[in-house]
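Could you walk me through this structure, one selection at a time? I have it open in my viewer and would like to know what to click on and what is there.

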Amino acid sequence: MTDVLSFIHFIVNGVMDFLVSIGAPDLIMAGIFYLMAAVTVLSALGVVLMRNVVHSALMLTASFIGVGCLYIYMNASFMGAVQFLVYGGAVAVLIVMAIMLTRRPDMAHSNPSRGALHQLGAAIVAAVFCLVMLIVSMASPFRTEASHLGDEVKGIADLMLTEYVLPFEVAAVLLLIAMIGAIILAKGVSENDA
Amino acid sequence: MTLDILHPFSITFMDMMNFATHIGLAHFLLLSAVLFAIGLFGLLTKRGIIPVLMCIELMLNAVNINLVAFNHYMPVDDYSGELMAIFAVAVAACEVAIGVALAFRIYRDRGTVNVDDLNSLKG
């Protein structure tokens with residue numbers, strides 16, 4: 001029995017050493033990145049290309065979740081959680097609610113695009129932007145090693161409540177103003193209230 | 001190691017394989033550039049208010065990816081970049097709430113959400 005176990009141990013060790021020697025951990029991490037990037041980019045394309053605006057909203061949510069997974073890939077798990085909660089939850093629900101409140105008779109063609117000339121112009125603008133950013137990205141320092149900053153939530157909380165406490169308070173006031181403003185815009189103010 | 005764009009012929013096949021298998025800052029910058037370009041394309045081509053709002057959200061997400069990627073891969077000593085991304089998320093949430101309320105109001109007052117029909121400011 002012990003011989004069998006040690007033989008299995010030997011085989012597994014050999015396979016692991018071989019995998020590490022050909023760079024399998026890097027390959028697996030790269031594969032995960034490409035999978036998440038493909039999900040994100042294809043869903044974003046779906047947002048633009050879908051004919052039905054409800055399908056666009058679904059694709060948008062998939063894209064948000066892909067971006068959240070990429071945050072977790074970069075060890076920013078708190079940022080990923082914020083992305084899932086705020087974008088994948090609140091923003092997605094708000095957008096679906098807006099679609100349902102402004103629904104048209106035929107939802108099948110509810111996401112129209114402009115004519116071919118407009119699309120060509122927009123595609124050229126986007127392609128030029130993409131090309132410029134590609135050159136800039138390639139010229140940027142090719143860094144692959146991560147910085148080790150310690151506990152993420154602790155670091156963010158320390159910064160947020162000391163150095164950046166004023167933007168934190170301003171963000172709180174901004175959220176309150178946005179909430180009141182959204183209610184007033186959507187509900188309206190009657191004459192005798194004013 | 002830096003990929004020198006001024007000498008493209010000095011890049012060997014091994015350099016390219018190394019670039020493809022070692023995920024770093026440049027990959028995230030490229031991904032966010034592609035996402036931003038898709039959002040820009042949609043912003044310029046869509047006719048409805050709500051698809052335009054969705055494309056703005058895509059572009060904001062691309063910016064947030066940049067902030068987190070720089071914070072993770074550059075030699076910084078605190079989490080300022082992620083904090084900026086969190087503030088950007090808060091502002092984006094406000095923006096989408098106001099945008100949805102505006103879209104609803106415009107739909108109720110004018111019966112349309114087509115941005116081409118909202119031209120009463122045009123002289």
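This is a predicted model: local features need pLDDT of at least 70, side-chain atom pairs count only at pLDDT 80 or more; totals for chains, interfaces and linings use all residues.

Of the 194 residues in chain A, 30% count as buried.

You will find seven helices and zero strands, and reading along the sequence gives the pattern α-α-α-α-α-α-α. Among contacts in chain A with a separation of 6 or more, 58% are between residues 24 or more positions apart.

Next, colour the charged side chains of chain A. There are 7 positive and 12 negative ones, and the centres of these two sets lie 19 Å apart.

Stay with chain A and select A:Asn52. This residue sits in the loop between α2 (24-49) and α3. Is A:Asn52 buried or exposed? With a relative accessible area of 15%, A:Asn52 is buried, because buried means under 20%. Show its surroundings too: leaving aside residues up to four places away in sequence, A:Asn52 touches A:Met107, A:Ala108, A:Ser110 and A:Asn111.

Time for some rings. Over all chains, a search of the whole structure finds seven aromatic pairs. One of them joins A:Phe64 and A:Tyr87, so select those two. Their ring centres are 4.8 Å apart and their planes make an angle of 50 degrees, a tilted arrangement. A:Phe64 belongs to helix α3 (residues 53-73) of chain A and A:Tyr87 to helix α4 (residues 77-101) of chain A, so this pair ties together parts that are 23 residues apart in sequence. Both A:Phe64 and A:Tyr87 are buried.

For another pair, move to chain B and pick B:Phe28 and B:Tyr73. These rings are also tilted, with 5.8 Å from centre to centre and 35 degrees between the planes. Distant parts of the chain are linked here: B:Phe28 lies in helix α2 (residues 25-45) of chain B and B:Tyr73 in helix α3 (residues 49-73) of chain B, 45 residues apart. B:Phe28 counts as buried at 0% relative accessibility, and B:Tyr73 is buried as well, at 3%.

Finish by showing the whole of chain B. Its cartoon has four helices and zero strands, in the order α-α-α-α. The radius of gyration of chain B is 20 Å, well over the 14 Å that the globule rule gives for 123 residues, so chain B is more spread out than a compact globule. Along the principal axes, its C-alpha trace spans about 60 × 35 × 25 Å.

The accessible area comes to about 5,400 Å², with 69% belonging to carbon and sulfur atoms. Of the 123 residues in chain B, 52% count as buried. If you colour its charges, the mean positions of the 6 positive and 10 negative ones are 24 Å apart.

How values were computed: Residues are numbered from 1 along each chain as its sequence is written. Chains are lettered from A and ligands numbered from 1 in the order in which they are written. Side-chain values use heavy atoms; hydrogens and water are left out. Rings of Phe, Tyr and Trp (its six-membered ring) pair if their centres lie within 6.5 Å; planes under 30 degrees apart count as stacked, over 60 as edge-to-face and the rest as tilted. Helices (H or I, at least four residues) and strands (E, at least two) are DSSP runs, numbered from the N terminus. Buried means under 20% relative accessible area, exposed over 50%, partly exposed in between (1.4 Å probe, protein chains only). Contact means heavy atoms within 4.5 Å. Lys and Arg count as positive and Asp and Glu as negative; His and the chain ends are not counted. The place of a charge is taken as NZ of Lys, CZ of Arg, CG of Asp or CD of Glu. The radius of gyration is taken over C-alpha atoms; the globule rule is 2.2 Å times the number of residues to the power 0.38. Accessible areas come from the Shrake-Rupley method with a 1.4 Å probe; for residues, only the protein chains shown count as cover.
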